[in-house]
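Subject: Structure handover and findings

Hello,

Here is the structure for you to look at. Please open it beside this email and follow along.

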Amino acid sequence: MPIRTTSIVLAIVLLAGCVPLTRYRRSALMPAPSPPAWHGEPVGAGRVELGAQVGGRHVQERFSPQVGDPALWIHTWEVGATVMGGITDWLDLGGVVSYSHVKMARANIVGTPPLPGESNDVWMVGPQLGMGGKFLDDRLFAGGYLSLQYVAIPWATWELQSGGGYRLVESDYDQDVLYRVGAFFGGRPHPLVAIYGGLVLTASWVNLGFSDTEADGSTLEQSDPAVLPLVGAHLDLGAYAPLYLRMTLTFPISNDAADYFPMGWDLSFGVKI
């Protein structure tokens with residue numbers, strides 16, 4: 001996306017004593033840390049799983065930003081689609097695509113400036129791989145997961161004007177790779193029901209949201225990986241139709257994201273053929 005400079009003045013309402021009046025304010029639309037649409041149980045040799053996914057994040061907005069803090073729009077809603085095919089009984093290969101828009105996001109901190117109209121959504125697309133096995137007559141399973149999604153993250157820089165407002169001076173996209181690495185385990189108390197848990201490491205980003213320092217281009221950078229413990233349930237309707245339903249809950253820890261994103265959920269539904 002070409003860099004766009006404009007003279008539009010952003011009138012930000014300052015909360016006295018709460019939002020630092022820095023020379024620059026920067027924003028970006030960051031993908032929220034989220035789990036894969038996979039639960040550790042291989043699809044099965046020669047079978048294909050096609051599904052849609054919707055995810056929600058409970059984002060908490062902080063009210064006392066400090067100089068140097070990140071200012072990010074975090075997805076509260078995300079939609080996507082996935083395909084996973086069984087190459088063998090223990091190896092699955094496929095692809096995943098996800099989408100979100102700034103209208104489906106919430107600021108992580110008071111004073112986060114908006115994104116311009118042409119730089120306000122995120123597409124993520126790439127391959128995914130799952131490896132796993134079943135044990136004790138298929139009553140237990142365990143597996144590992146990896147996905148690598150191309151992502152272009154929109155960002156914007158606003159500069160303080162003499163009149164007290166902020167003017168958009170630069171906006172663009174940063175291209176990067178969103179990785180997810182996970183380990184899962186679970187069991188089937190019933191042939192149609194699977195209960196599972198796991199741990200996922202996924203990419204996360206921060207920026208220099210409130211600063212007096214001039215920067216050439218974006219200040220986005222990958223931070224430490226977000227750590228996502230998760231639990232979930234998978235329901236097969238195979239006895240009635242080749243359909244499935246999966247629900248996952250995540251609870252981020254050991255990352256900046258945990259400060260403003262205490263919980264998330266993801267619902268997957270689709271067909272297994």
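Ground rules come first. This is a predicted model, where local features need pLDDT of at least 70, side-chain atom pairs count only at pLDDT 80 or more, and totals for chains, interfaces and linings use all residues. Residues are numbered from 1 along each chain as its sequence is written, and side-chain values use heavy atoms, with hydrogens and water left out.

**Overall**

The protein chain has 17 strands and zero helices. Both are DSSP runs numbered from the N terminus: helices are H or I with at least four residues, strands are E with at least two. The chain holds 273 residues, and 53% of them count as buried. Buried means under 20% relative accessible area, exposed means over 50%, and partly exposed is in between (1.4 Å probe, protein chains only).

The accessible surface of the chain comes to about 12000 Å². Carbon and sulfur atoms own 64% of that surface. Areas come from the Shrake-Rupley method with a 1.4 Å probe; for residues, only the protein chains shown count as cover.

Now the contacts (heavy atoms within 4.5 Å). Take those in the protein chain with a separation of 6 or more: 73% are between residues 24 or more positions apart.

**Strand pairing**

Two strands pair if DSSP finds at least two bridges between them. Strand β15 (residues 226–236) has β11 (residues 193–202) as an antiparallel partner, over ten bridges. There, T202 stands opposite A226 of β15. β15 also pairs with β16 (residues 243–250), again in the antiparallel sense, over seven bridges. D236 has Y244 in β16 as its bridge partner.

**Aromatic pairs**

Rings of Phe, Tyr and Trp (its six-membered ring) pair if their centres lie within 6.5 Å; planes under 30 degrees apart are stacked, over 60 edge-to-face, and the rest tilted.

One of the pairs is W38 with F184, edge-to-face, at 5.8 Å centre to centre and 85° between the planes. It links distant parts of the chain, 146 residues apart: W38 is in the loop between β2 (24–30) and β3 (48–58), while F184 is in strand β10 (residues 166–190). Buried or exposed? W38 is buried, with a relative accessible area of 2%. F184 is buried too, at 4%.

W77 and W265 also form an edge-to-face pair, with 5.6 Å between centres and 85° between planes. W77 lies in strand β5 (residues 77–86) and W265 in strand β17 (residues 263–272), so this pair ties together parts 188 residues apart in sequence. W77 is partly exposed, with a relative accessible area of 43%. W265 is partly exposed as well, at 27%.

Ring pairs also build a cluster from W38, Y145 and F184.

**Salt bridges**

How many salt bridges does a search of the whole structure find? Eleven. The test is a side-chain nitrogen of Lys or Arg within 4 Å of a carboxyl oxygen of Asp or Glu.

E49 and K272 meet in one of them, at 3.8 Å, N to O. E49 lies in strand β3 and K272 in strand β17, so the pair ties together parts 223 residues apart in sequence. Both E49 and K272 are buried.

R62 and D69 form another, at 3.3 Å, N to O. R62 is partly exposed at 29% relative accessibility, whereas D69 is buried at 15%.

R167 is partly exposed, with a relative accessible area of 22%. E159 counts as buried at 16%.

Salt bridges with shared partners join E41, E49, K134, R188, D236, R246 and K272 into one network.

**T219**

T219 sits in the loop between β13 (210–211) and β14 (221–222). At 18% relative accessibility, T219 counts as buried. A polar atom of the T219 side chain lies 3.0 Å from the backbone nitrogen of L208. Neighbours within four places in sequence aside, T219 is in contact with R26, V206, N207 and L208.

Best wishes

Conventions
Polar contact = N/O pair within 3.5 Å; in protein donor to acceptor, adjacent residues only side chain to side chain.
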